[in-house]
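Q: I would like to learn how to read this structure feature by feature. Could you walk me through it, starting from the general idea each time?

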Amino acid sequence: MEAGNHTRVSEFFLQGLSDDPELQPLLFGLFLFMYLVTMLGNLLIILAILSDSHLHIPMYFFLSNLSSVDICFISTTVPKMLVNIQTHSKDISYTGCLIQVYFFMIFAGMDGFLLTVMAYDRFVAICHPLRYTIIMNPWLCGLLVLMCWFIIFWVSLINVLLVRQLTFCPGTEIPHFFCEVVQILKVACSDTLINNIFLYVSTVILGVFPLSGIFFSYSLIVSSLMKMSSAAGKYKAFSTCGSHLSVVSLYYGTSLGLYFSLSVTHSSQSSIGSVMYTVVTPMLNPFIYSLRNKDVKGALARLHSRGTLCM
């Protein structure tokens, strides 16, 4: 009878970042600003790539996909948080929570997969420049992205279906500002052994494998650069990886930092730390690529010029 009551839970309560009423307007303004900047920055990257034929190459095809994923990634968590702050509410429906878990895992995982594919693209461009257009043909680029979506779709779906089997007590509060699977497992009223096992498997698939792929690609790139006799050639070849390395460092630096901090900090502190991973990283990505990449800066300038002429 008690388990039956648990299964009929219709909503959860999100703890949020702060209970201080005086901080709510500040938090609302800050996160609304970051959300709008993220949307605008990534949309400009996508428009610049689509409108400039010089950028219709694999590197920027993957970058446009990354910007699209970042838009969806931040849209999974921030809008609901803004609504809750504005309405002075903490609730999220049970179904809405599962949907948030599902899409958060999808877009977080896709970020990592796309960064790995982009590292492979840089490896081919630097280590096999004469065969680059043959290897990185449109068919292969499309296949790589579709494979990423296929893997992350099933991994996320299985995680959500396993969470669906858990029971929860009425009035359950999630110690976070969004529904994150680790925090949900902590507040479940039933056994979570199977969930935790598959979560570890998911971490290997979505985290360890992509990061290992990035390290492997760059180890081959560095090895190839060491064989070059020209210092200028080394610098020019490696400079093409600068933006990608910056984004990889930001993405994995914040996510790994959050992962390790979970074992030594309280949940409120981990919620604040996760802001870097879920909000700040998608916001900074377009700036990193536009500031460090001459092609993107040129495309944005041409896009701005066309927009000015149209006005």
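A: Gladly. Helices (H or I, at least four residues) and strands (E, at least two) are DSSP runs, numbered from the N terminus. The model is predicted, so to speak of local features we need pLDDT of at least 70, while side-chain atom pairs count only at pLDDT 80 or more, and totals for chains, interfaces and linings use all residues. Residues are numbered from 1 along each chain as its sequence is written, and side-chain values use heavy atoms, with hydrogens and water left out.

Q: Which residues does the UniProt annotation "transmembrane region" cover?
A: UniProt positions are given in the numbering used here, with feature names shortened, and annotations may be inferred rather than shown by experiment. The unreviewed entry places "transmembrane region" on residues 26-50, 57-78, 98-120, 140-162, 197-221, 242-262 and 274-292. Two of these spans can be compared with the model: residues 197-221 are 100% helix and 0% strand, with end C-alpha atoms 35 Å apart. Residues 57-78 are 95% helix and 0% strand, and their end C-alpha atoms lie 32 Å apart.

Q: How many residues does α6 have, and what span is expected for it?
A: The expected span of a helix is 1.5 Å times one less than its number of residues. For α6, with 27 residues, the first and last C-alpha atoms are 39 Å apart, close to the 39 Å expected at 1.5 Å a residue. At the start of α6, a side-chain oxygen of N137 comes within 3.1 Å of the backbone nitrogen of W139.

Q: Which residues of α6 are buried, and what do they pack against?
A: Buried means under 20% relative accessible area, exposed over 50%, and partly exposed in between (1.4 Å probe, protein chains only). Contact means heavy atoms within 4.5 Å. The buried residues of α6 include L140, C141, L144, V145 and C148. Partners for the buried residues of α6 are found in α3 (58-87), α4, α5 (132-135), α7 and α8.

Q: Which residues have the most contacts inside the largest nonpolar core?
A: A nonpolar core is a set of buried Ala, Val, Leu, Ile, Met, Phe, Trp, Tyr and Cys residues joined through side-chain atoms within 4.5 Å. The largest one here has 94 residues, and F31, L63, L115, M136 and F168 have the most contacts inside it. Helix α4 supplies the largest share of this core, 21 residues. Leaving out residues up to four places away in sequence, F31 touches L17, V78, M81, L82, V275 and V279.

Q: Is T116 buried or exposed, and what does its side chain meet?
A: A polar contact is a pair of N or O atoms within 3.5 Å; within protein, one must be able to donate a hydrogen and the other to accept it, and residues adjacent in sequence count only if both atoms are side-chain atoms. T116 sits in helix α4 (residues 94-127) and is buried, because its relative accessible area is 17%. A polar atom of the T116 side chain lies 3.0 Å from the backbone oxygen of P210. Beyond neighbours within four places in sequence, T116 is in contact with P210, G213 and I214.

Q: How many disulfides are there?
A: A disulfide is a covalent bond between the sulfur atoms of two cysteines. The rule used here is a pair of cysteine sulfur atoms within 2.5 Å, and the count comes to two. In one of them, C97 and C179 have sulfur atoms 2.1 Å apart. This pair links distant parts of the chain, 82 residues apart: C97 is in helix α4, and C179 is in the loop between β3 (173-174) and α7 (181-187). Both C97 and C179 are buried.

Q: Where do C169 and C189 lie?
A: Their sulfur atoms are 2.2 Å apart, forming a disulfide. C169 is in the loop between α6 (138-164) and β3, and C189 is in the loop between α7 and α8 (193-226), so the pair ties together parts 20 residues apart in sequence. C169 is partly exposed, because its relative accessible area is 28%, and C189 is also partly exposed, at 33%.
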